[in-house]
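Here is a short note for a colleague who is new to reading structures. Please keep the model open while going through the points.

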Amino acid sequence: MSEYNYTLLALLVFFLPLLGFLVTILLGKKFSKIYLFEVAIITIVLILSIVIGFFKLGFQVDERIISQFTWIDLKSAGTPYTSFIIELGIVLDNISVIMLFVVSLVSTLVHYFSIAYMKGDPRFNRYFAYLGLFTFSMMGIVLTHNFLMMYIFWELVGVSSYLLIGFWYEKDSASDAAKKAFLANRVGDLGMLAGLLILFTTYHTFTIDNVFGQIALGVLPFNSEFWLTIMGVLLFCGAIGKSAQLPLHVWLPDAMEGPTPVSALIHAATMVAAGVYLVTRIFPLFTGDALLFIAVVGALSALIPATIALTQNDIKKVLAYSTISQLGYMIMALGIGSYFYGYFHLITHAFFKAGLFLAAGSVIHAMHHEQDIQNMGGLRKKLPITYATFLVFCLAISGVPLTSGFLSKDGILAGALAFGSLTGHYLITVVGFTVAMLTAFYMFRLLILTFHGKPKDKHAYDHAHESPALMTVPLIILAVLSFFAFYSFNPTTAEKGWVFEKWIQTPESVVPESARYSFMVPESEIRDRKIIHSETYTKTVHDAHIPAVILSLLLSGFGILVAFTIYYWKKISADKIANSLKPLYKFSLNKWYFDELYDKTFIAFTMFLSKILNWFDAKIIDGVVNGAASVTRGFSKISGGFDTIVIDGFVNFSAFFSGLVGIVLRKMQTGKVQVYIVLLIFSIVILIFYFSR
Amino acid sequence: MMEVGLQHFLVVSAILFSLGIFGVVTRKNAVMVLMGIELILNAANINFIAFAKYGNFGFDGQLIALFVIVLAAAEAAIALAIVLNIYKNFATVNVDEINKLKE
């Protein structure tokens, strides 16, 4: 296909969801079936993305197709700002094309799922309109080739996320959660904005490729590598907010107040992955220090939410913490230079986590909006399809062989092991393996408590029923995509697969070699296009692969075994463990007291500050205003007195005088025109005589 | 036989002007007042022509005379319209009785 065709298709994929949004939101009140238009649009978008992906990945795998136009050029406008040029445009390279497919596929499945799940909702059409708005915004993030559009659509996904979390705004908890999500994201976005300001003042362009080019030429912010690190970290702050990394992760669990399909689409598969996508897009500009910061944030975000997920009892909360943990995994992978596996885990995770959420949605639907797993159990027989798919997703997220999760997770763990041995930061390696074990444990705890054992709530159990095909078919599709065969022929490693071999190449870092990780500096002059890391690194990763696989299999096997021992065979009582480790248990159950901590610090501080400001406003500002008012009143009284006596006296006197003159002169006014004319003529005659003298 | 000179024209014009003033001041009927005004205008016209003939001003006098004729026509039209309106409001065209200006 020619570049023109690619651009045309990409623009269609980009703007069709916007059309769907506009039509559905504007006509939603009039036509109750208009949501079908949105569903049709999104299906077309999926087909077009598949077409783009097929031709791009099949035939033009090495090309980067960029289509751009100059939006603002102050030079040609004749202003002195000669270097103020902003270009907008889209880029089609392999990562954006794959992401395009993932977003449109998950979005389409969620649309179909929602038709059944949201049935009977009074704002049915509006829900679909919001989904369309979200898809449009997400396409913008995926396709953009510049930071400006990235920022704009970054905020737009924030808005649609806000609208969808607060979709049932009659519930206080939902509207509070929406506000919380928005505010937490703003904190991160503020950092991103600061990063963008540094970037634009230094490079005078928003185009990502141009920025890379200038960094490669040695142009640095304030001429120092330190500020390049700061710029990278600030840009990454956007990802911390959007991908719910520590310390801004608190909004994601609360965002589960939204409808469950929304959680699947936005808060598991796509929007929260946008942070990871941003990091992959601008990966070359991170210095070694910035990457280390990213890795630490990722590792913390992988570990802490995983420990919280161990004790949660709300099915969606467990999945939410698991999402934060997995996103932390991806961020960590990118931070330790394992670019490919970070991105690859984003793809595989998108499918199985969306699947987990949709399956949870199916369970919640069957249980009539019961979300507490302590009231479930034994649903395996009632919901066979949901159970089977949920099992597949659990295996995938736990990294069991033959699944997609195994391929991506073991890549990350191998990378972590290599990173530990090369740099000495073994803590990250330890965290990586610990999280693998915890993940396997809490996922199987969730599975067993929900689907196995005896039903706790007999009434709800008796009324439970398998969901309609509209809900189960998306689950089956996602479950099929969770197997290894879509990514690699070899079930043990992704390195032999086409995704790794052909599609995704780690881009070479553009920062000065002195500022990189030492292992990311190529050693030989002949640079293989796939090997941008040093040979030592490649060799270490290769050697780390087998130990990583064995260790991670042992650990996740152990996690699964423990879960079965405690919850299935009940050899050990869960309550006993909880009692013997009471402080730890409480700590985890209360989510490490993050909310309370923020309550006591940031929120309390803000409240305190606003109280002071309120006092200042009431006493000082109002005092000044009131003082000014009374002074003004005093002045008005004086000038009022002056007005009545002096000015009015003057005016009244002149009126009286005029009246007096009038009485005299009135006699001359007969009202007869002819008299006036005679007077006129006489006057003229007198004047003539007077002047001609 | 006496030569007709500038003075003769001026005398005729002065007589006409005085007649006009007399008509304007003494007549009670508004239409007659208007006719007086016409006489005044034509007296002025005669002066213009006379000075144009005996003076050294080119065609200026004649032109202004033509202009005055046009003006007089327009003025008459408007004045008659006013008189009609006066009749509508006061049911008379007697200028003595119309002394609204006094009030």
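Which residue forms a salt bridge with Lys171(A)?

1. The partner is Glu257(A), and the closest N and O atoms of the pair are 3.4 Å apart. Please bear in mind throughout that this is a predicted model. Glu257(A) counts as partly exposed because its relative accessibility is 24%. Lys171(A) is also partly exposed, with a relative accessible area of 38%.

2. Over all chains, the search finds 10 salt bridges. One of them joins Glu170(A) to Arg123(A), with 2.9 Å between the closest N and O atoms. Glu170(A) is in the loop between helix H5 (147-165) and helix H6 (172-203), and Arg123(A) is in the loop between helix H3 (94-117) and helix H4 (124-143), so this pair connects parts of chain A that are 47 residues apart in sequence.

3. Asp595(A) belongs to helix H25 (residues 594-665) and Lys180(A) to helix H6, so distant parts of chain A, 415 residues apart, are linked. Asp595(A) is partly exposed at 28% relative accessibility, and Lys180(A) is partly exposed at 24%. Elsewhere, Arg64(A), Asp93(A), Asp209(A) and Arg281(A) are joined into one network by salt bridges that share partners.

4. Next, the nonpolar core. The largest one has 215 residues, and Phe147(A) and Leu285(A) touch the most other members. Helix H14 (residues 339-366) of chain A gives this core its largest share, 19 residues. Apart from neighbours within four places in sequence, the contacts of Phe147(A) include Leu196(A), Leu199(A), Phe206(A), Leu235(A) and Leu285(A). There is also a second, separate core of 5 residues, among them Ala30(B), Leu34(B), Val83(B) and Val95(B).

5. How many residues of helix H10 (residues 260-269) of chain A are buried? The count is 10 of the 10, so this helix is largely enclosed by the rest of the structure. Among the buried residues of H10(A) are Thr260(A), Pro261(A), Ser263(A) and His267(A).

6. Thr229(A) is placed in helix H8 (residues 225-242) of chain A. Is Thr229(A) buried or exposed? Thr229(A) is buried, because its relative accessible area is 12% and the cut-off for buried is under 20%. Residues up to four places away in sequence aside, Thr229(A) touches Thr287(A), Asp289(A) and Ala290(A).

7. Last, the contact between the chains. Chain A contributes 9 residues and chain B contributes 12 residues. Together they bury about 850 Å², of which 64% is on carbon and sulfur atoms. On the side of chain A, Gly671(A), Lys672(A) and Gln674(A) supply 52% of the area buried against chain B, more than any other three residues. The residues of chain A that touch chain B divide into 4 nonpolar, 4 polar and 1 charged. Across this interface there are 0 salt bridges, but 3 residue pairs are in polar contact.

Key: Residues are numbered from 1 along each chain as its sequence is written. Chains are lettered from A and ligands numbered from 1 in the order in which they are written. This is a predicted model: local features need pLDDT of at least 70, side-chain atom pairs count only at pLDDT 80 or more; totals for chains, interfaces and linings use all residues. Side-chain values use heavy atoms; hydrogens and water are left out. Helices (H or I, at least four residues) and strands (E, at least two) are DSSP runs, numbered from the N terminus. Buried means under 20% relative accessible area, exposed over 50%, partly exposed in between (1.4 Å probe, protein chains only). Contact means heavy atoms within 4.5 Å. Buried area is the accessible area (1.4 Å probe) that two parts lose on being put together, summed over both. A salt bridge is a side-chain nitrogen of Lys or Arg within 4 Å of a carboxyl oxygen of Asp or Glu. A polar contact is a pair of N or O atoms within 3.5 Å; within protein, one must be able to donate a hydrogen and the other to accept it, and residues adjacent in sequence count only if both atoms are side-chain atoms. Ala, Val, Leu, Ile, Met, Phe, Trp, Tyr, Cys and Pro count as nonpolar, Asp, Glu, Lys and Arg as charged, and the others, Gly among them, as polar. A nonpolar core is a set of buried Ala, Val, Leu, Ile, Met, Phe, Trp, Tyr and Cys residues joined through side-chain atoms within 4.5 Å.
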